[in-house]
Amino acid sequence: MASVRRTKSENLFIRYLILGSWALFCLGPVIWFLSIGFRPRTEIITPQPIYISALSLDAWHMIWSDWPMAKYLRNSVAAIFGSVVIDLALAIPAAYSLARYKYRGREDIGFYILSTRMMAPAIVAIPIFFLFRNMGLLDTIWALMLIYAAINLSIVTWIIRSYMTDIPKELEDAARTDGAGDLRILWEIIIPAVLPGVITAAVIAMIFAINEFLFTLLIASTPDAYTMSVALANFTGGSDGLIYNAIALVAFLAFVPVFLVVIAIQKHLSRGLTMGAVKG
Amino acid sequence: MNGSHLSDMGAASAAPKLPTLKPAFKRRSKRLRAWFPYLLVAPAVIYLLMITLYPGIYAAVQSFYAVKFGPWNPVGFDNYVRLWGDYQFWGALWNTFIMGAISLIIQCVFALTLAFYAYRDPWVKGWRIIFLVPMLFMPSAVAFMFKLLFLDARVFADILIRIGLIDGNLAIQSSIWGSRALLILTDVWQWTPFLFIIFVAGLQGQDEEIEEAARLDGATWGKIFWNISLPLMRPVIAVALVIRAIDITTMFANVFIVTKGGPAFGTETISFFIYRTGFKFFNFGYASAASVIMLIITIVVAQLVVKRAFKSGKD
């Protein structure tokens, strides 16, 4: 009995050693990067790294006064919000069709939608760039909105579709015998029933839109349409090099809201990340 | 099934004399009924065709021209012939593959190990939140974080010197494998949580009674995991790895910020190659030819691998 117990506590020790080391590996760079955001520029890149530095709010003042940070924030929020609205408007009917009807070509249409998720942005970057240039949309948040919506449409559709297939058919049938039309059933019964799925899809789409880099880099060539993700890459002081404390602060500025909404949908996260394939 | 659908409609037309019982949707013509699901899915499909089919055709046409910013000059298959002999293009394909494969294997092993230790732990929710943190930063932010940590502020080298592992400086930037390792590490740090979250969910979704029965039979925890839980997890692992593989092969922000493809093009991925050719040297026709090759590879992989993974993941 004693030997069994010892192996058990040894197992526990190994478990917490491994999980603890990974937690340290995850949080170490984050905490250190946070400290970068609150130090003066002179103490960031030094011959000997400085671990404990003076506290400074330089970067905080700089991002709001030297750069139009408020504008970048507004651009990000507008482009992301707009793209999620477009996605939901297109994806909910599409998901309903894929989940609830049987028709020829359904599997192929569903797979086509999924397969757009696989396309490297770089493959379509040049044509999209010229398309937006010809439409006069370069350097506008409208172009960003359209492209974010396109990137996320497959994910949003598949997540919502997955939740819709879970709804018992009887729910609809009951409404149908009461005389409700298909669209009314979708609006009054299906959508409320899959609301967690819709929210999950919206959150995942939001994260990917915030993260998007290549298209934003190509489309937004002046600060008029910069979002947080690309603004980061432009925090340079010319010959002085990168302004890391400002970069760090903006990184955390984008992190906090994402962290909060993800905590809120934690239960649905694995299902959202696998586009509905893994039910958590 | 299709049949039950048709019989639904048959019932509707058979009972026209009871108007109060006639559901609203059945008033529509049969033809509209048949088209209705297509109408629902059409807007999304059309939208996606605009960003896939249109650019695909555009790139295919452009790949037969020499395009700077001026007029398009037809050059036949020249761009493709040039690609065939372009060591930078082959190098980019190789870099994408080798960095992606190494990164994916490491992430999968780490995530499975962590999931194995965490999924029946009383504090699994806490571990999940902590491990999630790296994933929730913008990739561009993570790229800068690691660039500063390893290259610009040299914190990593400093720590190694303090521990006494090395005595000079670390030449990460000037070494191809050093730079590749840095990109791989960045990806592992940020995206192992992605696999971890999915694996934990998959393991937690499994029937606890099977494990319990095996445990009563005297099987150790590790044995149960290896022989029972892991085989059951195969579809979940397949889907998660496929998604991760797609995202790794399209890696761009890290390369753009941390290494710029260097040294000696040793970390240039295919995405970066297309970007550089098109938007730095303005060889749009040539970049389009590379895009077309990538598109073909994507379609083949999608048909062969992704379709299967998602089919098995569904049931």
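## The contact between the chains

Two residues are taken to be in contact if their C-beta atoms, placed from the backbone, lie within 7 Å. On that basis, the contact between the two chains takes 79 residues from chain A and 83 residues from chain B. On the side of chain B that touches chain A, helix H2 (residues 30-62) of chain B gives the most, with 16 residues. Helices here are DSSP runs of H or I with at least four residues, and strands are runs of E with at least two, numbered from the N terminus.

What classes of residue make up the side of chain B that touches chain A? There are 62 nonpolar, 15 polar and 6 charged residues. For these classes, Ala, Val, Leu, Ile, Met, Phe, Trp, Tyr, Cys and Pro count as nonpolar, Asp, Glu, Lys and Arg as charged, and the others, Gly among them, as polar.

## Model and confidence

Residues are numbered from 1 along each chain as its sequence is written, while chains are lettered from A and ligands numbered from 1 in the order in which they are written. This is a predicted model, in which local features need pLDDT of at least 70 and side-chain atom pairs count only at pLDDT 80 or more, while totals for chains, interfaces and linings use all residues. The predictor gives the complex a pTM of 0.88 and an ipTM of 0.90.

A word on pLDDT: this is the predictor's confidence in each residue, from 0 to 100. Chain A has a mean pLDDT of 87, with 96% of its residues at 70 or more. For chain B, the mean pLDDT is 84, and 90% of its residues reach 70 or more. Among the elements of chain B, helix H4 (residues 87-118) of chain B has the highest mean pLDDT (94) and helix H1 (residues 2-14) of chain B the lowest (40).

Where pLDDT is low, the predicted coordinates should not be read in detail.

## A helix pair across the chains

Helix H6 (residues 141-165) of chain A meets H2(B), the axes coming within 9 Å and crossing at roughly 140°. Axes are lines fitted to C-alpha atoms, for helices over the stretch in contact, and angles run from 0 to 180 degrees between N-to-C directions. H6(A) and H2(B) are therefore oblique to each other. In this scheme, angles under 35 degrees count as roughly parallel, over 145 as roughly antiparallel, 65 to 115 as roughly perpendicular and the rest as oblique.

The crossing of H6(A) past H2(B) is left-handed; that is, the near helix is turned anticlockwise from the far one by less than a right angle, whereas clockwise would be right-handed. H6(A) brings Ala150(A), Leu153(A) and Thr157(A) to the contact, and H2(B) brings Ala44(B), Tyr47(B), Leu48(B) and Ile51(B). By class, this contact has 6 nonpolar, 1 polar and no charged residues.

## Helix pairs within chain A

Helix H2 (residues 58-65) of chain A packs on helix H12 (residues 244-264) of chain A at about 80°, with the axes 9 Å apart. H2(A) and H12(A) are therefore roughly perpendicular to each other. The residues in contact include Trp60(A) and Met62(A) of H2(A), and Leu249(A) and Val250(A) of H12(A).

Helix H3 (residues 69-100) of chain A and helix H9 (residues 195-211) of chain A pack at about 140°, with their axes 10 Å apart. That makes H3(A) oblique to H9(A), and their crossing is right-handed. This contact has 9 nonpolar, 2 polar and 1 charged residues.
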